[in-house]
Amino acid sequence: MIPSINPLVLNLKESATLHINTTVKKLRSEGRKVNHFGFGEAAFPVPKLLQEGLIDHASHNEYLPTQGLLELREALCAYLKKEHQLEYTAEDVFIGPGSKELIFQLSYLVEGILLVPAPSWVSYGPQAAMRGKTLIPIQTKRENSYRLQADELDRACFEMGQEQKLLILNNPNNPTGSVYTEEELKEIAEICRAYNVIVISDEIYAGIDFTGRPHVSIARFYPEGTIVSTGLSKLFAGGGYRLGAMIIPPTLQIIKDSLSAIISETFSCVSCPVQYAALNGYSRFDELREELNTNRDIYRYASEYLWDRFTAMGLNCPKPEGAFYLFPDFDNYREKLKAHGILTGKALVEKLLLDVGVALLPGSDFYFPATNLGVRTASVDFDGKFVRENWPGRDGMNEEWEKKLFPSLIEGCDRLEAFLKNL
Ligand SMILES: Cc1ncc(COP(=O)(O)O)c(C=O)c1O
């Protein structure tokens with residue numbers, strides 16, 4: 001029997017990030033040594049405080065309200081007010097099984113065109129495709145560290161005409177590791193206001209920021225049209241806990257009503273013990289601050305190590321300012337790569353994975369053209385628990401510690417360097 005499948009889903013493949021992870025695991029199980037720069041999972045253990053919240057509430061088997069546990073929503077609002085200067089009430093918060101699912105539900109229920117800066121996270125596109133939505137990538141520039149500029153958005157909105165527009169802006173950014181400045185966000189907010197663009201501000205990496213500036217959300221400058229998306233997966237290293245949150249302002253009441261209805265007809269609510277784990281994280285954030293700051297310093301060290309090595313190899317790469325990614329490009333090697341029959345980003349990463357043993361993702365998975373030679377690099381191929389237990393602090397680091405704490409990052413860079421030298 002060949003069941004007939006929804007045509008919008010039929011051609012959908014496993015997400016590029018999850019696929020590379022499966023491929024690397026398979027190669028490693030066959031005995032291949034692979035430096036895994038392909039998957040961006042938080043490197044550290046989930047804080048004990050969250051684990052305790054989960055364990056203490058393991059006996060709670062009740063369904064919770066569709067929007068989520070009231071105390072959790074209140075704690076998240078207090079956290080957002082103190083840490084991000086955002087004013088919301090518990091009525092505005094929706095808890096879901098990961099921010100990915102909430103972004104999908106939102107793009108499912110809101111009509112119109114989806115705008116994303118290119119490069120942007122791999123899943124926005126397939127999610128839009130499943131709903132038959134048009135996705136328009138807006139090409140950004142390397143000299144702006146791939147951050148969307150207001151004039152680029154203005155042009156795209158103007159060309160799009162009257163149709164309703166939804167923009168997903170991810171800050172700090174996957175795949176580039178860049179962080180928007182307050183000025184850039186203010187300018188983008190003005191354009192969004194002028195064209196009535198609904199913004200999903202994907203802030204899943206908020207708090208993993210190396211700039212020393214406090215996190216700034218575009219919601220500060222465009223509160224009436226911005227939906228903030230966040231969760232446990234990155235800062236709290238709780239990806240597998242599957243808890244995300246979306247904060248929708250009262251001005252978008254019709255979206256809140258529709259999202260409530262969809263949740264009640266689909267996942268109903270997030271696992272009750274997991275919501276208590278999150279409650280501990282947000283309500284007792286001060287107790288976690290030091291641990292999370294150390295994690296951030298380690299992410300920073302790893303990202304900057306890769307950046308130093310990449311730029312020394314002649315790759316073009318904006319300096320990472322947050323999250324755990326870099327986006328180097330191999331443009332300076334285009335002619336040499338061409339001589340080896342490598343003309344596309346996909347061909348390049350295939351070569352690097354199979355012949356060099358370094359896993360990366362091509363720019364084309366992030367809405368760049370096939371010939372773009374940018375690659376998404378995750379900087380978390382290290383044993384976070386071990387690194388944190390032995391971390392001598394940024395000032396205590398030296399070559400010897402690097403070898404001990406980040407052997408796979410070093411080996412991956414050595415392999416890339418040797419490959420480029422021998423081209
Ligand atoms: C940019 C971005 N947004 C959203 C997510 C989804 O996070 P989660 O569903 O775990 O909350 C990820 C995960 O990798 C991401 O990189």
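Two strands pair if DSSP finds at least two bridges between them. Helices (H or I, at least four residues) and strands (E, at least two) are themselves DSSP runs, numbered from the N terminus.

## Basis of the model

This is a predicted model, in which local features need pLDDT of at least 70, side-chain atom pairs count only at pLDDT 80 or more, and totals for chains, interfaces and linings use all residues. Residues are numbered from 1 along each chain as its sequence is written.

Strand β11 pairs with strand β12 (residues 375–378) in the antiparallel sense, over two bridges. Within this pair, Leu 361 has Arg 376 of β12 as its bridge partner, and Pro 362 stands opposite Val 375. β9 is also antiparallel to β12 and joined to it by two bridges; here Leu 326 stands opposite Thr 377.

Together the three strands form an open sheet with the order β9-β12-β11 and antiparallel pairing. β9 (325–326) and β11 (361–362) each have a single partner strand and stand at the edges, so one side of each lacks a neighbour in the sheet. β12 is covered on both faces: Val 375 and Thr 377 on one side, and Arg 376 and Ala 378 on the other, are all buried. A residue counts as buried if 20 or more other C-beta atoms lie within 10 Å of its own, exposed if 12 or fewer, and partly exposed in between, with C-beta atoms placed from the backbone.

In the contact between them, 36 residues of domain 1 meet 38 residues of domain 2, where contact means C-beta atoms, placed from the backbone, within 7 Å.

On the side of domain 1 that touches domain 2, the elements giving two or more residues are α1 (7–10), α2 (16–29), α11 and β9. The largest share of that side, eight residues, comes from α11. Its residues divide into 20 nonpolar, eight polar and eight charged. In this scheme Ala, Val, Leu, Ile, Met, Phe, Trp, Tyr, Cys and Pro count as nonpolar, Asp, Glu, Lys and Arg as charged, and the others, Gly among them, as polar.

## The largest nonpolar core

The largest nonpolar core has 117 residues, of which Phe 94, Val 199 and Ala 302 touch the most other members. Such a core is a set of buried Ala, Val, Leu, Ile, Met, Phe, Trp, Tyr and Cys residues joined through C-beta atoms within 7 Å. Helix α11 (residues 285–312) supplies the largest share of this core, seven residues. Domain 1 and domain 2 each contribute at least three residues to the core.

Beyond its neighbours within four places in sequence, Val 199 is in contact with several residues, including Leu 167, Leu 169, Ile 218 and Tyr 222.

## Ala 75 in helix α4

Ala 75 lies in helix α4 (residues 70–84). Ala 75 is buried because 21 other C-beta atoms lie within 10 Å. Not counting residues up to four places away in sequence, Ala 75 touches Leu 279, Tyr 282 and Ser 283. Ala 75 and Ser 283 are 208 residues apart along the chain, yet their C-alpha atoms are separated by 5.1 Å.

## Ligand surroundings

The ligand is surrounded by 13 residues, the closest being Gly 98, Ser 99, Lys 100, Trp 121 and Ser 233. A residue is near a molecule if its C-beta atom, placed from the backbone, lies within 6 Å of it. By class, this shell has two nonpolar, nine polar and two charged residues.

Terms used. Domains from an automatic or database assignment. Contact = placed C-beta atoms within 7 Å.
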